[in-house]
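Hi,

Here is the structure I promised to pass on.

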Amino acid sequence: MTPRAHKTFRLNSRAWLPLVGPIILLAAWGLLVQARIVSPVLLPGPLTTLEHLGASIASGAIAGDFMMTLWRTLQAFMIATAIGVPLGVALGASEGVYRSVEFLIDFFRSTPSSALIPLFMLIFGISDINKVAIAAFAAFLVILFNSAYGVMNAKRTRIMAAAVMRANRFQIFRDVLLWESLPQTFIGLRNGVSMALVIVVVAEMFMGADDGLGQRIINAQQVMNVREMYASILAAGVLGYVLNLLFLLIDKKIIHWSGRS
């Protein structure tokens with residue numbers, strides 16, 4: 001094999017690597033069902049579940065719930081980003097101020113957001129607002145934390161270089177700290193959108209939703225429609241994966257200097 005052909009073969013092999021995980025998952029799932037380690041009544045086979053999901057997509061039965069979950073997730077994420085990023089950057093620029101409120105941030109960030117569902121129900125009632133509000137709150141804490149630490153952990157050599165060139169504090173903040181914080185901020189955004197989706201689905205399950213993937217999952221579980229339940233879980237998983245992949249692509253496109261000295 002020529003060096004060029006060998007390189008092409010390696011590139012083609014790497015292109016297939018992302019499929020290894022799904023293949024292993026489906027194979028393990030199929031083996032569990034075939035070996036009857038789990039009853040097929042409780043865990044249908046992967047092909048059966050995928051066929052049901054495909055039929056739900058083709059008929060449009062799942063489309064409305066999918067779009068409602070996506071819309072609530074995006075609403076919560078946009079609210080969390082609009083508040084969390086500027087506030088995090090402002091706190092990170094003044095480490096003393098951040099340390100004074102660090103306990104509150106870490107306390108609420110460490111508290112499972114699902115445990116706050118009763119509180120948000122008391123405040124907002126059983127409405128669509130409560131689902132968006134609790135998801136926005138959970139995502140906000142993640143984004144705030146990462147944005148602040150992105151600023152505080154900016155490379156000191158670049159800050160010192162800007163100071164040597166007689167840049168004032170505002171110029172250092174605008175031209176050095178903000179750009180240095182972007183890689184960590186994007187980590188917060190990726191984690192934030194994932195957190196928003198998780199909390200939205202949980203809220204749809206337990207906060208009186210009339211639509212959404214969470215409501216679809218819990219309704220199917222209550223009537224033992226396991227194919228519908230697993231198909232809806234797969235749909236939620238695909239949504240989360242696509243959102244995460246989208247942010248990875250944006251990260252690589254915008255933060256192309258990340259990791260460079």
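A word on terms before the notes: helices (H or I, at least four residues) and strands (E, at least two) are DSSP runs, numbered from the N terminus. Please keep in mind that this is a predicted model, in which local features need pLDDT of at least 70 and side-chain atom pairs count only at pLDDT 80 or more, while totals for chains, interfaces and linings use all residues. Residues are numbered from 1 along each chain as its sequence is written, and side-chain values use heavy atoms, with hydrogens and water left out.

Let me start with salt bridges, meaning a side-chain nitrogen of Lys or Arg within 4 Å of a carboxyl oxygen of Asp or Glu. Searching the whole structure gives seven of them. For burial, I use buried for under 20% relative accessible area, exposed for over 50% and partly exposed for in between (1.4 Å probe, protein chains only).

Two of the pairs sit in helix 5. Arg109 and Asp106 are joined by a salt bridge at 3.3 Å, N to O, and because they are three residues apart in helix 5, about one helical turn separates them. Arg109 is partly exposed at 35% relative accessible area, and Asp106 is partly exposed at 24%. Arg99 and Glu102 form a salt bridge too, at 2.9 Å from N to O; these residues are also three apart in helix 5, about one turn of the helix. Here Arg99 is partly exposed, with 39% relative accessibility, whereas Glu102 is buried at 18%.

Another pair reaches across the chain. Arg72 and Asp211 make a salt bridge with their closest N and O atoms 2.6 Å apart. It links distant parts of the chain, since Arg72 is in helix 4 and Asp211 is in the loop between helix 9 and helix 10, 139 residues apart. Arg72 is buried at 2% relative accessibility, while Asp211 is partly exposed at 24%. Both belong to a network of salt bridges that links Arg72, Asp128, Glu204 and Asp211.

Now for the packing. A nonpolar core here is a set of buried Ala, Val, Leu, Ile, Met, Phe, Trp, Tyr and Cys residues joined through side-chain atoms within 4.5 Å. The largest one has 41 residues, and those touching the most other members are Ala76, Phe77, Tyr98, Phe120, Ile134, Leu189 and Met207. Among the elements giving two or more residues to this core are helix 4 (63-93), helix 7 (128-152) and helix 9 (169-206). Helix 7 supplies the largest share, 14 residues. A second, separate core has six residues, including Leu213, Ala231, Ala235 and Ala236.

Of its 25 residues, 21 are buried, so helix 7 is largely enclosed by the rest of the structure. Asn130 lies in this helix and is buried, at 0% relative accessibility. Leaving aside residues up to four places away in sequence, Asn130 touches Phe120, Met121, Phe124, Gly125 and Met207, where contact means heavy atoms within 4.5 Å. By the same exclusion, Ala76 touches Val132, Ala135, Ala136 and Ala196.

Happy to talk any of this through.

Best wishes
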